[in-house]
There are 2 protein chains.
Amino acid sequence: MRYSRQRELITEIIKGRKDHPTADMIYQSARELEPNISLGTVYRNLKLLSDDKVIITLETEDKRLHYDGDTSRHSHFICSKCGKIIDLFKPSETPSEIKEAGLFVTGEKCVYYGYCTDCNN
Amino acid sequence: MRYSRQRELITEIIKGRKDHPTADMIYQSARELEPNISLGTVYRNLKLLSDDKVIITLETEDKRLHYDGDTSRHSHFICSKCGKIIDLFKPSETPSEIKEAGLFVTGEKCVYYGYCTDCNN
DNA sequence: ATAATAATAGTAATCATTACTGATAACGAT
DNA sequence: ATCGTTATCAGTAATGATTACTATTATTAT
């Protein structure tokens, strides 16, 4: 894969923030430094980065993909009211049933839903 | 909520199968008994049933929603090669961090990725 | 520096899902 | 049982996130 200024910028943006932005949010942020960057470029590179396991893709209920620059094994909590995504750093335990069934695991995505402390009042 | 023949049929179809069909698959199946049923009707009722927790909605990597008539607490395994969705009946353990953080949990969706026994050869 | 070609910007296309609209059907009240 | 209200429907149009396309630009091996 060749170097590109745009991909470097996109990677820096995702790695540099602690929220879980959508492609459009990353696009808006990237345009501040690279005003002519194309939304298609953002999408293409997000897919490349995700395929290379440089970032993580989250499929959420809002029908948009969210991206996470933290690739360490962890789960997420999504507030059903405000939509906030919170990192949970103690990952869930993988069910023993998986190895018993002879399945080969390469990854996991555990999302817990509910209300965050701000919204549960 | 009023009774409707279409919603009853849709519910029966989902509850009666063990796979995790998309809206279109349910639509195709429904048309066998109700040839004039509309795809919009299928989508609207799937959303109603999901809101009422009669069925579960799964956001997968294929960009289509999949539905599960089994609402018991369980996880899923998705084969990255053939796309097959396998039920895991021993649910993952909820991370202790959640209660410690004061978050109120209403649901969870844990998906494990990898290769099924058919595809791991 | 040059050639080969990966990557880009800008735009058009895709496609799952949702919204809309006039007709139909469920069902409580009469 | 009929009537009126209105939820639900069939059919179709619109939406919007994502992907595909194309001519141009930029990277990198030689």
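The surface near DNA strand D is made up of five nonpolar, six polar and eight charged residues. Here Ala, Val, Leu, Ile, Met, Phe, Trp, Tyr, Cys and Pro count as nonpolar, Asp, Glu, Lys and Arg as charged, and the others, Gly among them, as polar. A residue is taken as near a strand if one of its heavy atoms lies within 4 Å of it. This is a predicted model, in which local features need pLDDT of at least 70 and side-chain atom pairs count only at pLDDT 80 or more, while totals for chains, interfaces and linings use all residues; side-chain values use heavy atoms, with hydrogens and water left out. Residues are numbered from 1 along each chain as its sequence is written, and chains are lettered from A and ligands numbered from 1 in the order in which they are written.

There are 19 residues around DNA strand D, and those that come nearest are Y43(A), L65(A), S4(B), T41(B) and R44(B). A backbone N or O atom of L65(A) sits 2.7 Å from a phosphate oxygen of DNA strand D, and a polar side-chain atom of Q6(B) is 2.9 Å from a sugar or linking oxygen. R2(B) goes for a base instead: an N or O atom in its side chain is 3.1 Å from a base oxygen of DNA strand D. The elements giving two or more residues to this surface are α3 (39-51) of chain A, along with α1 (5-16) and α3 (39-51) of chain B. Of these, α3(B) gives the most, with three residues. Helices (H or I, at least four residues) and strands (E, at least two) are DSSP runs, numbered from the N terminus.

Now to the other DNA strand. DNA strand C is surrounded by 19 residues, with S4(A), T41(A), R44(A), Y43(B) and L65(B) the closest. Sugar or phosphate holds 70% of the atoms of DNA strand C within 4 Å of the protein, and the rest belong to bases. From chain B, a polar side-chain atom of K47(B) lies 3.1 Å from a phosphate oxygen, and a backbone N or O atom of L65(B) lies 2.7 Å from a phosphate oxygen. The most residues on the surface near DNA strand C come from α3(A), which gives three. By class, that surface has five nonpolar, six polar and eight charged residues.

The two protein chains also meet each other. Their contact (heavy atoms within 4.5 Å) takes 39 residues from chain A and 39 from chain B. About 3100 Å² is buried between them, with carbon and sulfur atoms giving 58%; buried area is the accessible area (1.4 Å probe) that two parts lose on being put together, summed over both. Four salt bridges are counted between the chains, each a side-chain nitrogen of Lys or Arg within 4 Å of a carboxyl oxygen of Asp or Glu. One of them links K109(B) with E61(A), whose closest N and O atoms are 3.3 Å apart. On the side of chain A that touches chain B, β4 (85-88), α4 (97-100) and β5 (104-115) each supply at least two residues, and β5(A) gives the most, with 12.

Technical notes
A polar contact is a pair of N or O atoms within 3.5 Å; within protein, one must be able to donate a hydrogen and the other to accept it, and residues adjacent in sequence count only if both atoms are side-chain atoms.
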